[in-house]
Amino acid sequence: MKANRSGLWNKNFTIITLGTMISAIGGTAMGIGLSLVVFDQTQSTWLSAVFAVISMLPGVTLPILLAPVIDRVNRKRVIVGLDALSGALYLLFLVVIRRIGFRYEAYLLFSLVTGCVGTVYSLTYDCLYPDLIPQGMAQQGYAVSGVIYPLAMTVVTPLAALIYARFGIELLFLSEGALLLLASAFESQIDYAPPERPRRRGAPGEYGREMMEGVRYLKREKGVRNIYLYMMATNAAGRGNSLMTLAHFGRSSHLTTAMYGLLTSAEMLGRVIGSALHYLIQIPEEKRYAFTVKVYALYEVFDGILLFAAYPAMLVLRFVCGFLGVQTAAVRAAATQSYIPENMRARVNGLFEVLMSLGAMAVQLCAGALGERFSPRAVALGFAAGSLLCMILLIVRRKELVTPVYNRNV
């Protein structure tokens, strides 16, 4: 069934899409650059895992502390200000590393600071974005957002790896700082008036009660809760597998940094094509649950066998995962974010961010430790098997809870 997209590209949606694209380009380049420089300088999966975990620490506490605030403030002003602040931080750290060179402790501190900013930004952006999608266009809107980062990674990842190999990390810091400032300028042009909400009295107990409303919501809405728990599990397993893939390529005598970048690009190219298809053709409401379950199972199996495959087969596996995975991600985002009441989004999504961060941190550290003793292939296979088991328990065996969330008009 073809979708009616005539009303999607209004001013606000166009601006937020452009701003997100600019941020995605710089963020992708910076992400691959930081991963490469830390592993290259330390040659340790454990230290690489610690570095990744440090950036996730803010995700454990800040969403809970700030979610009630974000449910009440002007979210546009927050994302504009945080993009500008992030741009300034990257440019400042560029000056620092030009003077002191690579210092692992300095990179850890920088990761913690930018992790704090990124956590608040992500939570605020996820709450604002649904309000900028024209009514009735949720699936198409999330299909567009789903293609942005994959497209950036497809194009930017190999380019960033080449820039890093030839010029070092400094040029990537400069580019990211400039792009974030540009994104902030674009986002400042959004026309957004936050809905009127009752003023908060400021009593300490009231703040806690507001946050507990999010907990009670997830207890009551078991379908949303199970979806979020599985996303925590599969995201954590994916983080661990990404570290194992980096270690597998870094220790191989015939697999290069450029080939690692191309592998990531293959997955992202699949996501780009999958998002384009999802934008053009809607998955019928009654088939969304069945479609996502099949894709989840396939994704976990492909993750488990990835490092056992020859390199050309790796490219095919990642392409297929990207092609199918982005479609389930768009279906899930549209379903859950339209299902959760607007005035509860920050609190519920904040709890989700905490779950995601806790799971990712635990698995990253576990992967780092296991990677020092066992082969990356064995560790990655174990994580994929665990994630598949979680999918069966939370999504398949609880079909009656999850189906109403997916199979509804968004």
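Let's start with Phe186: with 32% relative accessibility, this residue counts as partly exposed, a label that falls between buried (under 20% relative accessible area) and exposed (over 50%), using a 1.4 Å probe and protein chains only. Phe186 sits in helix α7; helices here are DSSP runs of H or I with at least four residues, numbered from the N terminus.

A quick word on the model: it is predicted, so local features need pLDDT of at least 70 and side-chain atom pairs count only at pLDDT 80 or more, while totals for chains, interfaces and linings use all residues. Residues are numbered from 1 along each chain as its sequence is written, and side-chain values use heavy atoms, with hydrogens and water left out.

Now for the inside. A nonpolar core is a set of buried Ala, Val, Leu, Ile, Met, Phe, Trp, Tyr and Cys residues joined through side-chain atoms within 4.5 Å. The largest one has 52 residues, and Tyr107, Ile169, Leu172 and Phe173 touch the most other members. Helix α1 (residues 11–42) gives the most to this core, eight residues. There is also a second, separate core of 33 residues, with Ile15, Ile16, Val80 and Val117 among them.

Asn241 belongs to helix α9 (residues 222–251) and, at 6% relative accessibility, counts as buried.

Here is who touches whom, where contact means heavy atoms within 4.5 Å and neighbours within four places in sequence are left aside.

| Residue | In contact with |
|---|---|
| Phe173 | Met30, Leu34, Tyr90, Leu91, Phe93, Leu94, Ile97, Tyr107 and Phe110 |
| Asn241 | Asp303, Val379, Ala380, Phe383 and Ala384 |

Key:
Helices (H or I, at least four residues) and strands (E, at least two) are DSSP runs, numbered from the N terminus.
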